[in-house]
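Hi there,

Here is the structure I promised to pass on to you. Have a look at it first, and then read my notes below.

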Amino acid sequence: MSKNALITGITGQDGAYLAQLLLNKGYRVYGLMPRRSTDTRWRLLELNIEKDISIIYGDVSDLSSVIRAVETSKADEFYNLAAQSFVGTSWDQPVLTAQVTGVAVTHCLEAIRLINPKIRFYQASTSEMFGLIQAERQSETTPFYPRSPYGVAKLYGHWMTVNYRESFQLHASSGILFNHESPLRGIEFVTRKVTDAVARIKQGKQKTLSLGNIDAKRDWGFAGDYVEAMWLMLQQDTADDYVVATGRTTTVREMCNIAFAHVGLKAEDYIRIDPKFYRPAEVDILLGDPTKANKKLHWKAQTSLEQLMAMMVDADMRRVSEGR
Ligand code: NAP
Ligand code: GDD
């Protein structure tokens, strides 16, 4: 019998790829979508899956919305991907970030506890919780030290997930995902900002690219690979926490070199440093140790950073040439 899945954050990068994955597996997919004044479904439209998803209007910061979504969807699996997910914005909107990215996780857990404790729950935790890293490679046992209001909010959501698992025996798992990107990445994140600029510069529509701290290092993977790990976590007999990463770290500078080189340009000829993109506190380096996910979920990142950048630059070359 086919299963029902509820996804919050369905219009985001991961929400779109996860919805596609679950539809391909035969799930009925419900998405919680906040009302906005303009259409936010561009990713679902790009994947051509918008007609296959049942939208439930609501907001994760509104407990009644979440309760209604859980009841309406009759979910077997609940993936909480909704968040104010841009780290930079979290210093400008720290209270909203706490509510949407943090407290709302408890709305999801409470709705499950009240309506159907058998629902399996996935919480979108993050490597940003490691912040000022306490180990060279970060695993499930590495202590956390968040460096942004976003990281602090996510840490609350992470521990509430662990707590509801231990207190009420919910099948609640937390995926500690390292940075993952794709052609569907929001334009404010550094990889997509870079690939969009590469396409515009190559097509003569932009002259330079302004960035902040290009010495920061990230463990970047492909979002399409990472949503598979989310699904795998909910297929296990017992819920648990997993680091999902590639195990390779690269500077922003080197990521730029790879992206520009894909169209035969040199990054150093176009990059300008603008302190306005520096953050009040930086996460200098992230490098994940995905051994547990490799062994228990049989999951491994499939896409190299070179393949990922090529995929993203190609998609932006197409968009820019179409005038988008
Ligand atoms: P994203 O593209 O920014 O998507 C966030 C989604 O949350 C959007 O659909 C957004 O809808 C929705 N949302 C925001 N506020 C909401 C609210 N109050 N109620 C309901 N929905 C709301 O993020 P992503 O990259 O797909 O990431 C998915 C999740 O994984 C997030 O929780 C993120 O923090 C976490 N994560 C991401 C990464 C990564 O590298 N991508 C790594 C670790 C963890 P609108 O667009 O309408 O606002
Ligand atoms: N966005 C952005 N824009 N980042 C820049 C820029 C710029 O112009 N210049 C340098 N950077 C640096 C940031 O300072 C940071 O060190 C790095 O590039 C990556 O920034 P983002 O792409 O914005 O991602 P993030 O690492 O802060 O956060 C992402 O990954 C987290 C997982 O570690 C987001 O997806 C979070 O939601 C996610 O939890």
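**Around the two ligands**

Helix H1 (13-24), S5 and H6 each supply at least two residues of the shell around ligand 1; helices (H or I, at least four residues) and strands (E, at least two) are DSSP runs, numbered from the N terminus. The largest share of that shell, 3 residues, comes from S5.

Before going on, please keep in mind that this is a predicted model, where local features need pLDDT of at least 70 and side-chain atom pairs count only at pLDDT 80 or more, while totals for chains, interfaces and linings use all residues. Residues are numbered from 1 along each chain as its sequence is written, chains are lettered from A and ligands numbered from 1 in the order in which they are written, and side-chain values use heavy atoms, with hydrogens and water left out.

Which residues come nearest to ligand 1? Of the 25 around it, they are Thr11, Arg36, Asp59, Ser85 and Tyr150 (a residue is near a molecule or strand if one of its heavy atoms lies within 4 Å of it). Two polar contacts (pairs of N or O atoms within 3.5 Å; within protein, one must be able to donate a hydrogen and the other to accept it, and residues adjacent in sequence count only if both atoms are side-chain atoms) involve side chains: a polar atom of Thr11 lies 2.7 Å from an oxygen atom of ligand 1, and an N or O atom of Arg36 is 2.7 Å from an oxygen atom of ligand 1. The protein buries 88% of the 900 Å² that ligand 1 exposes when taken alone (Shrake-Rupley method, 1.4 Å probe; for residues, only the protein chains shown count as cover).

For ligand 2, the nearest of 23 residues are Thr126, Ser127, Tyr150, Arg279 and Glu282. Backbone N or O atoms also reach this ligand: one of Glu188 lies 2.9 Å from a nitrogen atom, and one of Gly212 lies 2.8 Å from a nitrogen atom. The protein covers 95% of the 710 Å² of accessible area that ligand 2 has on its own.

**Helix H6**

H6 (residues 149-168) has 20 residues. Tyr150 is among its buried residues (under 20% relative accessible area, with exposed over 50% and partly exposed in between; 1.4 Å probe, protein chains only). The buried residues of H6 pack against elements including helix H5 (94-115) and strand S5 (120-126); contact means heavy atoms within 4.5 Å. After H6 comes Gln169, with a positive phi near 55°.

Happy exploring!

Definitions and conventions. The expected span of a helix is 1.5 Å times one less than its number of residues.
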